[in-house]
Amino acid sequence: MRQVKKFNIDLVIPLYNKKNHILRALLSAHNQKNYKFNKIILVNDGSTDGVELDFQKFENLFNNIEIINIENSGVSSARNTGIDVSDATYVCFLDADDELSEFYLEEIIFLITTYEEKKYKIFSTKHKNIFNNEDLQKISIRKKNHYTNSNNSLFYYALDKTILCSSGICIDRKILKEYRFPKNI
């Protein structure tokens with residue numbers, strides 16, 4: 001598996017009381033095809049469900065994980081903490097109860113490479129909401145050449161939660177240093 005050197009991509013996972021889901025999220029981040037994240041930054045936002053007892057196991061399983069503990073201050077603050085810890089060119093986000101397709105990072109790198117000359121700074125892949133495990137066995141997430149280039153504003157796409165949401169988005173870190181996730185939201 002290739003380290004993402006040219007693009008230097010980190011993944012930030014805010015965590016609050018998702019003990020029953022976080023390992024699945026971490027495994028999906030770790031089990032990417034062809035590439036891997038430089039760092040997986042897990043920001044524990046003051047969880048009270050005992051998830052911290054699993055942190056040593058996570059550090060043994062994932063050699064590129066960095067675990068940060070903060071006082072409970074909300075998901076936006078946890079994401080901002082992850083941004084501060086990252087030194088990558090791009091930062092991707094994953095909620096602790098979500099998971100990535102095994103081709104997520106490959107698609108993100110494809111999008112960055114394809115639109116590098118246009119200087120695009122925000123990338124997203126379509127996601128699918130799955131509400132029970134039976135659905136998981138029926139879904140093939142990988143489809144080729146379904147990306148599009150559009151002149152529509154980011155706000156236009158933000159209205160469609162299947163295209164753009166905080167879990168799965170990849171953003172140039174320079175933007176994230178200037179425009180933070182708003183606290184208390």
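Me: Why is Tyr120 called partly exposed?
Reply: Its relative accessible area is 29%. Buried means under 20%, exposed over 50%, and partly exposed lies in between, with a 1.4 Å probe and protein chains only, so at 29% Tyr120 is partly exposed. A word on the source: this is a predicted model, where local features need pLDDT of at least 70, side-chain atom pairs count only at pLDDT 80 or more, and totals for chains, interfaces and linings use all residues. Residues are numbered from 1 along each chain as its sequence is written, and side-chain values use heavy atoms, with hydrogens and water left out.

Me: Is Tyr115 buried or exposed, and how do you know?
Reply: Tyr115 is buried, because its relative accessible area of 8% is under 20%.

Me: What makes Tyr115 and Tyr120 a stacked pair?
Reply: Rings of Phe, Tyr and Trp (its six-membered ring) pair if their centres lie within 6.5 Å; planes under 30 degrees apart count as stacked, over 60 as edge-to-face and the rest as tilted. For Tyr115 and Tyr120 the centres are 5.1 Å apart and the planes make 25°, so they pair and the pair is stacked.

Me: How many aromatic pairs does the whole structure hold, and why is Phe93 with Phe181 called edge-to-face?
Reply: The search finds 4 aromatic pairs. In the one formed by Phe93 and Phe181, the centres are 5.1 Å apart and the planes stand at 75°, so the pair is edge-to-face. This pair joins distant parts of the chain, 88 residues apart: Phe93 belongs to strand 6 (residues 90-93), and Phe181 to the segment after helix 7 (173-178). Helices (H or I, at least four residues) and strands (E, at least two) are DSSP runs, numbered from the N terminus.

Me: How do you know whether Phe93 and Phe181 are buried or exposed?
Reply: Phe93 has 1% relative accessibility and so counts as buried. Phe181, at 17%, counts as buried too.

Me: What makes you say that the charged end of Arg79 sits over the ring of Phe181?
Reply: A charge sits over a ring if NZ of Lys or CZ of Arg is within 6 Å of the ring centre and within 35 degrees of the ring normal. The charged end of Arg79 is 5.3 Å from the centre of the Phe181 ring, which is within the distance limit, and the pair is listed as sitting over the ring.

Me: Why are strand 5 and strand 7 said to stand at the edges?
Reply: The open sheet has 6 strands in the order 5-4-2-6-8-7, with mixed pairing. Strand 5 (65-70) and strand 7 (122-123) each have a single partner strand, so one side of each is left without a neighbour in the sheet.

Me: What makes strand 6 and strand 8 a pair?
Reply: Two strands pair if DSSP finds at least two bridges between them. Strand 6 and strand 8 (residues 170-172) have 3 bridges, in the antiparallel sense, so they qualify. In strand 8, Ile171 is the bridge partner of Val91.

Me: How do you know whether Leu111 is buried or exposed?
Reply: Leu111, found in helix 4, has a relative accessible area of 9% and is therefore buried.
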